[in-house]
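Q: Hi! Please walk me through this structure, and start with any wording I'll need.

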Amino acid sequence: MKKKCLIMMASYNGEKYISQQIDSIIDQDYGNWELIIQDDESTDNTVKIINEYVEKDSRIRLWKNKGKHGPYYNFHSLINKCKDLDNYDYYMFSDHDDIWLSGKVSALIDFCEKNNKCDMPTLAYADMKIIDDRDRITNESVNALLGMKYNNSVSTFFTHNVFGCNTLVNSSLFKIVPKVDVESDICKIISHDNYYAKFASIIGRVMFLDNQLMLYRRYGGNVTVKHLYSYGIIKIINRIKDIDDLAKDHALTYKQSLYALNQLETLNLNIKEQDMVKNIERVLSKGGIAALLFMIKNHVSCGKVIKTISRAMILLSGLYKRYL
């Protein structure tokens, strides 16, 4: 029997695109899935559209928040509730405005099945194409832009290369990762995708599938439009001119990493895992030459070389620490 997959979608005012996304999930060549959509009190026709799908397909459910809370709360509260459900073999995250290619679910599950025979806690993620608000492809590969593949477990704590909308986690990982307190300050900044990647990198595996499995929509109204997907020398020079903002951005990554490290310490780690957690926590907290040497020793890569250099410079300077 095919493994069962739970897809978790967070929605808010998505009437323009959500039908395309749900249709792309229904049209997958892998049918043993369930879709739970949690809406953050949309003010448009999003809920009406979702309910039409719920009536037609028993695999689809709708949950609704009371009041608008924002995307981080919406995803983490949805994930927390799903942890209390019956067990699924695999779990996937979904935005409401992308389009999944028809073989996405099967490709990621097959990838995990072939490469994780021991069922250790695993996160698999893949490449994707970028589209605009009119479904036009604006870039053929996010990996070509960013260098998404992690070369080692340590790198997950220094940069964020995982996009949750193109991620699969197995039950072993999903069940062991602690819930995020949705009423806490950390919930306002922590991304669910990279939170899970950090746990997988220490206690299991992070695996990258170099195939474009979905169309990732970037346009003026969605939550991550501020992300720029190029790291050329001109961009880096412009960022260095406003080095304080650069330090703030890096501190945001490290604040999430330090939280995840703290949560990892609550698990039953072996000696090697404990040492790695403590060492990463130490270098992120202190910065300076020790952090730079740690990056070199552990071959930390942030994707593009220029991005790795930028991260190393800010760590060495310690400027980010005032914002932790």
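A: A helix crossing is called left-handed if the near helix is turned anticlockwise from the far one by less than a right angle, and right-handed if clockwise. This is a predicted model, where local features need pLDDT of at least 70 and side-chain atom pairs pLDDT 80 or more, while totals for chains, interfaces and linings use all residues. Residues are numbered from 1 along each chain as its sequence is written, and side-chain values use heavy atoms, without hydrogens or water.

Q: Thanks! So which way do α7 and α9 cross, left-handed or right-handed?

A: The crossing of α7 with α9 is right-handed. On the α7 side, Tyr195, Lys198, Phe199, Ile202 and Ile203 make the contact (heavy atoms within 4.5 Å), and on the α9 side Gln256, Ser257, Tyr259, Ala260, Gln263 and Leu264 do. Helices are DSSP runs of H or I with at least four residues, strands are runs of E with at least two, and both are numbered from the N terminus.

Q: And at what angle do their axes cross?

A: Roughly 50 degrees, with the axes of α7 (residues 192-203) and α9 coming within 10 Å. So α7 is oblique to α9. Axes are lines fitted to C-alpha atoms, for helices over the stretch in contact, with angles from 0 to 180 degrees between N-to-C directions. Under 35 degrees is roughly parallel, over 145 roughly antiparallel, 65 to 115 roughly perpendicular and the rest oblique.

Q: How do the axes of α9 and α10 cross?

A: The axes of α9 and α10 (residues 271-286) come within 10 Å too, and cross at roughly 150 degrees. That's why α9 counts as roughly antiparallel to α10. This crossing of α9 and α10 is left-handed. Tyr254, Ser257, Leu258, Leu261 and Leu264 of α9 meet Val277, Ile280, Glu281, Leu284 and Ser285 of α10.

Q: What about α11 and α12, how close do those axes come?

A: Within 7 Å for α11 (residues 288-297) and α12 (residues 305-317), crossing at roughly 150 degrees. So α11 is roughly antiparallel to α12. Gly288, Ile289, Ala291, Leu292 and Met295 of α11 touch Thr308, Ala312, Leu315 and Leu316 of α12.

Q: Changing topic: in the largest nonpolar core, which residues touch the most other members?

A: Phe158, Tyr196 and Leu284, out of 100 residues in that core. Helix α9 (residues 243-264) contributes the most to this core, with nine residues. A nonpolar core is a set of buried Ala, Val, Leu, Ile, Met, Phe, Trp, Tyr and Cys residues joined through side-chain atoms within 4.5 Å. Buried is under 20% relative accessible area, exposed over 50% and partly exposed in between (1.4 Å probe, protein chains only).

Q: Nice. What is Phe158 in contact with?

A: Beyond its neighbours within four places in sequence, Phe158 contacts residues including Thr253, Tyr254, Leu284, Met295 and Leu315.

Q: And Leu123, where is that?

A: Leu123 is in strand β6 (residues 122-131). Leu123 has 0% relative accessibility, so it counts as buried. Its C-alpha is 9.1 Å from that of Phe199, 76 residues apart along the chain.

Q: Last one: what is phi for Glu41 and for His299?

A: Glu41 has a positive phi of about 55 degrees without being a glycine, and phi of His299, also not a glycine, is positive, near 55 degrees. Glu41 is in the loop between β2 (33-39) and α2 (46-56), and is partly exposed at 42% relative accessibility. His299 is in the loop between α11 and α12, and is exposed at 60%.
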